[in-house]
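Colleague: I would like a close look at a single part of this model, described carefully and in one connected answer.

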Amino acid sequence: HNLALLTNGFVSAWAITNEFGQVTVPGGLSNVVAVAAGGRHSLALKRDGTVAAWGNNSYGQTNIPLGLSNVIAICAGSNHSVALKGDDKVVAWGLNTSGQSSVPTDLTDFVAVAAGGAHSLGLKSDGTVIVWGYNGSRQTNVPAGLTGVTAIASGERYSLALKGDGNIVSWGESPVPAGVTGV
């Protein structure tokens with residue numbers, strides 16, 4: 001399914017099928033500043049730092065933790081959800097069979113988050129990456145010496161890091177095509 005954040009702070013959603021309600025945007029949802037599409041669920045970050053969720057909730061991925069506020073970024077995996085708070089801490093919920101929702105407790109100072117199929121990533125302010133969760137394709141094996149990262153992303157079984165020099169580093173099941181530089 002697909003989500004679009006409209007310039008007026010509302011959300012548009014569409015898919016071939018709406019079997020799980022993932023494209024049925026809650027009535028009255030407004031003042032949205034970011035959206036994230038998971039496997040069969042959707043998330044919206046509101047201007048006030050709260051999160052709205054809808055769609056498939058088989059694993060609690062739309063059960064927003066009580067009191068979650070001061071959120072500045074969101075992402076959604078196949079069956080889990082992740083939020084970055086303004087205090088540089090990460091909160092995750094939903095399916096946790098591979099530890100994808102078990103944020104390492106001793107870590108803070110995150111500036112970005114990403115969620116893959118059953119793994120999660122956090123970018124720290126020092127340009128390093130922390131990954132946790134399912135590792136069947138080595139998607140949590142951060143390459144040794146990876147530093148200078150400015151952005152992260154992930155897919156079902158891979159992880160990506162954008163370095164300050166414009167190069168992409170990939171690990172897991174999706175190598176970066178030759179010649180892709182200057183990103």
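How many residues lie between β7 and β8 in their hairpin, and which residue in the turn has a positive phi?

Modeller: This is a predicted model, in which local features need pLDDT of at least 70 and side-chain atom pairs count only at pLDDT 80 or more, while totals for chains, interfaces and linings use all residues. Residues are numbered from 1 along each chain as its sequence is written, and side-chain values use heavy atoms, with hydrogens and water left out.

The hairpin of β7 and β8 has four residues between its strands, and D88 in the turn has a positive phi of about 70°. Strands here are DSSP runs of E, at least two residues long and numbered from the N terminus, and two of them pair if DSSP finds at least two bridges between them. By that rule β7 and β8 (residues 90-94) are antiparallel partners joined by five bridges, with L84 standing opposite V90 in β8.

Strand β7 also pairs with β6 (residues 71-76), again in the antiparallel sense and over five bridges, and there A76 has S81 of β7 as its bridge partner. These two strands, β6 and β7, form a hairpin with three residues between them.

As for β7 itself (residues 80-85), six of its six residues are buried, where buried means under 20% relative accessible area with a 1.4 Å probe, counting protein chains only. In a regular strand the side chains alternate between the two faces of the sheet. In β7 both faces are covered, with H80, V82 and L84 buried on one side and S81, A83 and K85 buried on the other.

Definitions and conventions: Buried means under 20% relative accessible area, exposed over 50%, partly exposed in between (1.4 Å probe, protein chains only).
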